[in-house]
Amino acid sequence: MSDRELLELAAKAAGIVLEYEEATGRYFYRRSPYDLVHNGQSLKVYWNPRDNMGDALQLAVKCEIPLEFYDGMVIAGQGLDEVAEEQGTDPDAATRRAIFRVAVQIYRDWE
């Protein structure tokens, strides 16, 4: 699967409706149809839980993904949907990856 397809699956798992912006190659969403408007344009919330810790945390909360940290590992999910990632030199990236991978798996399980 492409990166784009994986991001779409993760968003679906969280119930987030994304729009793709061809010009930037980025995904965004509007929190509500009444989002703030600035200079006649709706403010977009760009979304990428693989690269942004806030988006990853939002994904974990919406999908109710439990997280555990010990012995240099981050464990996300539980049961068959559990993912372990070594924290290595970038524990934030490992945490984002683990959350993202579990969210994609959760959506695949629903299909």
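**Strands and helices in a predicted model**

Residues are numbered from 1 along each chain as its sequence is written, and side-chain values use heavy atoms, leaving out hydrogens and water.

Back to our strands. β2 and β5 (residues 45-46) are antiparallel and share two bridges; two strands pair if DSSP finds at least two bridges between them. Strands here are DSSP runs of E, at least two residues, and helices are runs of H or I, at least four residues, numbered from the N terminus. β2 (residues 26-29) is also joined to β1 (residues 19-21) by three bridges, again antiparallel. In that pairing, E21 sits opposite R26. β1 and β2 make a hairpin with four residues between them, and G25 in the turn has a positive phi of about 70°.

Now for the other sheet. What is the order of the strands in the open sheet of three strands? The order is β6-β7-β8, with antiparallel pairing. β6 (67-70) and β8 (83-86) are the edge strands, each pairing on one side only. Four bridges link β6 to β7 (residues 73-76), and Y70 is opposite M73 in β7. Helix α3 packs on this sheet, touching β6, β7 and β8, and its direction makes about 160° with that of β8. Axes are lines fitted to C-alpha atoms, for helices over the stretch in contact, with angles from 0 to 180 degrees between N-to-C directions.

So what about α3 itself? α3 has 20 residues and spans 29 Å from its first C-alpha to its last, close to the 28 Å expected at 1.5 Å a residue; the expected span is 1.5 Å times one less than the number of residues. Its buried residues include F100, A103, V104 and Y107, where buried means under 20% relative accessible area with a 1.4 Å probe, protein chains only. The cover over the buried residues of α3 includes α1, α2 (53-62), β6, β7 and β8.

Finally, the axes of α1 (residues 3-14) and α3 (residues 91-110) come within 8 Å and cross at roughly 75°. That makes the two helices roughly perpendicular, a label for angles of 65 to 115 degrees. L6, L7 and L9 are among the α1 residues in this contact, contact meaning heavy atoms within 4.5 Å. Thanks, everyone!

Notes: Predicted model: local features only at pLDDT ≥ 70, side-chain atom pairs only at ≥ 80, totals over all residues. Parallel < 35°, antiparallel > 145°, perpendicular 65-115°, else oblique. Buried < 20%, exposed > 50% of the residue type's maximum accessible area, 1.4 Å probe, protein only.
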